[in-house]
2 protein chains.
Amino acid sequence: MSPPEIQGLLVQKYGGSSLATAERIRAAARRVARTAARGKPVIVVVSAMGDTTDELIELAYSVAQRPPERELDLLLSTGETVSATLMAMALHDLQQPAVALTGLQAGIRSTRVFSRARITDIQPARISTELLHGKVVIVTGFQGVTEDQDVTTLGRGGSDTTAVALACALGAERCDIYTDVEGIYTADPRVVPSARKLSEVGYEEMLELAQLGARVMHPRAVELAELYSMPILVASSFTDTPGTLIHRDGDSKNTMPMEVRKNVRGIAHDTDVARITLVRVPDRPGVAAAIFEPLAAASVSVDTIAQSSGADGTTDLSFTISRSDLPRALEITQSVAPSIHAASVDTADDLAKVSIVGTGMQSAPGYAARMFGALARAGVNINIISTSDIRITCVVSRDHVEDAVRVLHTAFELDRED
Amino acid sequence: MSPPEIQGLLVQKYGGSSLATAERIRAAARRVARTAARGKPVIVVVSAMGDTTDELIELAYSVAQRPPERELDLLLSTGETVSATLMAMALHDLQQPAVALTGLQAGIRSTRVFSRARITDIQPARISTELLHGKVVIVTGFQGVTEDQDVTTLGRGGSDTTAVALACALGAERCDIYTDVEGIYTADPRVVPSARKLSEVGYEEMLELAQLGARVMHPRAVELAELYSMPILVASSFTDTPGTLIHRDGDSKNTMPMEVRKNVRGIAHDTDVARITLVRVPDRPGVAAAIFEPLAAASVSVDTIAQSSGADGTTDLSFTISRSDLPRALEITQSVAPSIHAASVDTADDLAKVSIVGTGMQSAPGYAARMFGALARAGVNINIISTSDIRITCVVSRDHVEDAVRVLHTAFELDRED
């Protein structure tokens, strides 16, 4: 992607809830027109209206038990085409020239992996031409096109990824993600009423928060933005309150004065957690490969892995997965268990994860101890622990996870204004 | 269009009412699969499901007062993409490999006249490849693509035209039009209960019937079929009763033995008729041009024109148009009237046309007299008369048109089996 620089370019992405009705589309168009009226070239990336994608999937399953993925992708792509054309029409109605482009017309080339294609290249000639003619360019999110002109969809987080990829390919100033929340918070405000909105956050912190259940942005879009150092503003499409800026210098270690900085930036949690444990597996080489290779082959995404050695030369090997993958993963695990001489296979599907995230944690000790202490005082039992440079995650019972988020939010002083 | 001949190829087109629900799509898919199971290569052309196109137009007008045509065409094209993918999925479910192609993917190139584009060329490489791989190829009707990859729609009769154009370009054996009626009738069966289905009809007769209000097929598709001598079968998608074959040798003068032939093939009628009359226009050159040139420039389609000269050197000039064009046409006529010294402008919007059609009329006299006599005996007053080689049309009051159809159906012995 070699950027043919268009001075001052902004990319704005609107999610499905921001486009759910004709009135909301007109409201989003007014926001776009205001930006364009300031003389800014604008690319708008749209998702399908409201629940359109789910409705199209339902329609597909009403005619076929197993809709082929190529056809399903072409079907689903119509959702974004509808919202893109409506956005262009609403802009015309505001006297703002605009043109809607499909993934194909916008030159968004992808791999031929239907339902979860990756963008391989953007050929921005058409977009550049339209921008130079003073038009707002509306691009359908979530879709790409293969070399032989088949339409693909980009899978989860696809529209965010389209927006960030276009911003990177065309050298935009910034990529704005308009959604139904006002930004990134120190914790889920539905769980912690005193949670505060962050004015800025770094890519790595955002990645951890996104991976850990903050549903505002998909990790793959954040990763792409980090790669190209593209600033992202997450804001509400319904209000004019300032959102959260995700950028290179947004990490807590950079943005806060030494003396007052809070090294934990936010508390993330995720209730979509199931666990499988292989009980008393003889501790020898090859055990992990024997179990995780077939899981990977079946596209089961394994999250946390923990192994605890016993005195008798056996270990308990536990791993977590999303709940929807449990039946498939269990079947595979049970078929492998005899060959590695596991005593039994144990499962739980009533779990959750709670995590503390912050780049400042790297250089300061004691965060783990403080986390475990706070959870212990609140009577929350910890199942599995996993850590990264900027994150500590505990797997706990789902019944206790909201309590856990609240006590950690207080323990790390996130309730208080800086 | 140089046909890359695929042996035994059939094109089947399904209209919106044949695809209005998931159940109907599955029923249509079963019909397609039966044909494919006989070893026939099949191309299926689909319209949008049920009232989808109207719903999309309504959606467009809910976001914009005047939706731009380029965006409207791209929006409307999604309707056919949805039904094409669903048809492909339903075929997969029946173990029949199938692939859905958009107008762009199918290589249907068109002029850049949005909302009423004409097909300029078909580049059938992708279709041929898919057929050779044993797939049923589903093509979205009603849409084309410009040289610069913008999506167009083909206007009224677009899906029929797509089907016939594909049949011609790929050298199909036949083009089947599946619809919600069982074929072409000697008159509208809702008006004449004794109307009979024709087993075959010629292109010219079909053209006249189509232009005169038989809504089963659009004239432009019939014209294209005639140009390439492509046989068309019109049949019901809901039953297995034989339909009507439209073909080169289907004209009444060819198909009936001399002695028993009925030279009138059918009675057509159309209630969408308005009339404008310029009263007492001085009879001099240039009058017709002065009025019809500005109407043509405003895209008002003028149907029948009649002029009656009076003794005083003036004429009354009448013409008919569709009722929706009346306000626009009247405005233009009134602005022109003073310059051609018309005494006044008179209008009527409560009219209808009734026509007798048949190639056999060319060579046999007396049809006009018989028609006028039958109408007179039934008390039906004739406003305007127009004729072609194979047709006589009378403009009558709308209140009387159904009576007119019935008396003519009887007068020309169309009630009786051959």
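**Reading sheets, helices and a chain contact**

In chain B, an open sheet of 8 strands runs in the order β3-β6-β2-β1-β9-β11-β12-β10, with mixed pairing.

Me: Before we go on, what kind of model is this, and how are residues and chains labelled?

Reply: It is a predicted model, where local features need pLDDT of at least 70, side-chain atom pairs count only at pLDDT 80 or more, and totals for chains, interfaces and linings use all residues. Residues are numbered from 1 along each chain as its sequence is written, while chains are lettered from A and ligands numbered from 1 in the order in which they are written.

Me: Which strands stand at the edges of that sheet?

Reply: Strands of a sheet pair through backbone hydrogen bonds, either parallel or antiparallel. Here a strand is a DSSP run (E, at least two residues; helices are H or I, at least four), numbered from the N terminus, and two strands pair if DSSP finds at least two bridges between them. The edges are β3 (98-101) and β10 (200-201) of chain B; each has a single partner strand, so one side of each is left without a neighbour in the sheet. Elsewhere in the sheet, β1 (residues 10-14) and β9 (residues 174-179) of chain B pair in the parallel sense over 5 bridges, and B:Val11 has B:Cys175 of β9(B) as its bridge partner.

Me: What does chain B bring to its contact with chain A?

Reply: Residues are in contact if their C-beta atoms, placed from the backbone, lie within 7 Å. The contact takes 28 residues from chain B and 28 residues from chain A. On the chain B side, α1 (22-37), α2 and α3 (69-93) each supply at least two residues, and α3(B) gives the most, with 13 residues.

Me: Which residues of α12 in chain B are buried?

Reply: Buried means 20 or more other C-beta atoms within 10 Å of the residue's own (12 or fewer is exposed, in between is partly exposed), with C-beta atoms placed from the backbone. In α12 (residues 401-411) of chain B, the buried residues include B:Val401, B:Ala404 and B:Leu408. The buried residues of α12(B) pack against β13 (266-282), β16 (344-357), α11 (367-377) and β18 (391-397) of chain B.

Terms used:
Two residues are in contact if their C-beta atoms, placed from the backbone, lie within 7 Å.
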